[in-house]
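Student: I should like to learn how to read a structure of this kind. May we go through it step by step?

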Amino acid sequence: MDTNNGSSTMDFILLGFSDQPQLELFFSGVVFIFYIVTLVGNTTIILVSYLDTQLHTPMYFFLSNLSFLDLCYATSIIPQMLVNLWGPTKSITYGGCVLQFFFALDLGATECLLLAVMAYDRYAAVCQPLRYRVIMHPQLCQKMVLTAWLGGLGSALILCSLTLKLPRCGHWEVDNFFCEMPALIKMACVHSKVMEIIVFSLGVIFLLVPLSLILISYVVITQAVVRIKSAARWSKVLNTCASHLTVVTLFYGTLIYMYMKPQNRSSQDEGKFLTLFYTIITPTLNPLIYTLRNKDVKSAVKRILCVEKWSAKS
């Protein structure tokens with residue numbers, strides 16, 4: 001069997017839903033709307049967190065990083081997806097595919113770690129309120145975020161290099177919307193047990209371990225919330241924690257289902273719909289979840305708009 005991968009100058013073909021062309025126009029409209037909402041929502045959170053001094057806290061520092069991450073993640077995938085949905089060709093260059101694959105892995109792994117960091121922040125805020133500022137000092141917050149970004153970078157470098165070395169035997173059709181790992185592994189003409197073990201091991205490190213720490217944090221938080229007698233504080237804690245827990249459920253649920261089971265046991269159409277969910281819907285919902293349930297963000301937006309209106313009148 002010829003296991004040569006061929007020239008790296010060849011284009012990959014992103015099949016998407018090309019076997020169901022009647023769906024492509026509908027999906028392109030939905031994807032475009034979600035992308036605009038993603039851009040507006042996440043940019044708003046970043047700007048409001050920066051402009052309003054009352055939001056210069058660890059929670060909003062982490063939330064700004066999450067919004068920036070979601071912006072990068074969506075932008076690394078959706079524009080090319082729209083070009084392919086709208087245009088007659090479904091191709092992406094080899095270099096473009098590698099970059100898309102790398103950034104999807106890097107940003108996805110970083111978000112896994114960042115959500116765990118945010119859970120620790122909520123634990124410190126609820127369970128250690130008097131020492132919160134001492135525990136979550138700026139230097140620690142910066143180091144935690146840097147660790148999350150570097151951890152995602154390291155995992156992406158490992159998985160990207162190993163996946164691209166798999167022999168494809170002349171296969172250049174990616175049966176998905178973008179170059180992601182499960183679809184690229186299925187293109188290989190050999191089954192790599194080593195690759196499967198490495199993917200599972202990194203899945204444990206970046207998915208199961210952070211999720212376990214998040215769940216432990218919320219068990220402790222729940223015990224603390226039960227003892228809170230102030231109704232106003234209880235409501236505030238519930239709102240902020242519920243927002244984070246909702247994001248965790250949406251993000252981790254789909255990723256664990258996609259990456260933690262053997263790649264040859266999932267149907268491709270099922271994989272495509274799950275891909276749509278965590279690449280398009282989740283980055284769109286994150287800012288909506290955090291702003292709609294968060295009075296601090298809504299109040300900050302009103303303060304900024306009032307200042308701008310007052311400045312305009314002056």
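Student: Does S155 count as buried or exposed?

Tutor: This is a predicted model, in which local features need pLDDT of at least 70, side-chain atom pairs count only at pLDDT 80 or more, and totals for chains, interfaces and linings use all residues. Residues are numbered from 1 along each chain as its sequence is written, and side-chain values use heavy atoms, with hydrogens and water left out. Buried means under 20% relative accessible area, exposed over 50%, and partly exposed in between, with a 1.4 Å probe and protein chains only. The relative accessibility of S155 is 5%, so S155 counts as buried.

Student: Leaving aside neighbours within four places in sequence, with which residues is S155 in contact?

Tutor: S155 is found in helix 5; helices (H or I, at least four residues) and strands (E, at least two) are DSSP runs, numbered from the N terminus. Contact means heavy atoms within 4.5 Å. With neighbours within four places set aside, the contacts of S155 are A109 and F206.

Student: How are helix 5 and helix 7 oriented relative to each other?

Tutor: Helix 5 (residues 138-164) packs against helix 7 at an angle of about 165 degrees, and their axes are 11 Å apart. Axes are lines fitted to C-alpha atoms, for helices over the stretch in contact, and angles run from 0 to 180 degrees between N-to-C directions. Angles under 35 degrees count as roughly parallel, over 145 as roughly antiparallel, 65 to 115 as roughly perpendicular and the rest as oblique. Helix 5 is therefore, relative to helix 7, roughly antiparallel.

Student: Which residues of helix 7 make the contact with helix 5?

Tutor: Helix 5 contributes G151, G152, S155, I158, L159, L162 and T163 to this contact. The partners from helix 7 are M195, I198, V199, L202 and F206.

Student: How far apart are the closest N and O atoms of K193 and E196?

Tutor: K193 and E196 both lie in helix 7 (residues 193-226), 3 residues apart, about one turn of the helix. An α-helix has 3.6 residues a turn, so residues three or four places apart point the same way. K193 and E196 form a salt bridge (a side-chain nitrogen of Lys or Arg within 4 Å of a carboxyl oxygen of Asp or Glu). Their closest N and O atoms are separated by 3.7 Å.

Student: How many salt bridges does a search of the whole structure find?

Tutor: R122 and D121 also meet through their side chains in a salt bridge, at 3.0 Å from N to O. R122 counts as buried because its relative accessibility is 9%, and D121 counts as buried at 1%. For the whole structure, the number of salt bridges found is 2.

Student: What span should helix 1 have?

Tutor: Helix 1 covers residues 21-51, which is 31 residues. The expected span is 1.5 Å times one less than the number of residues.

Student: What separation do the C-alpha atoms of I36 and T284 have?

Tutor: I36 is found in helix 1 and is partly exposed, with a relative accessible area of 36%. I36 and T284 are 248 residues apart along the chain.
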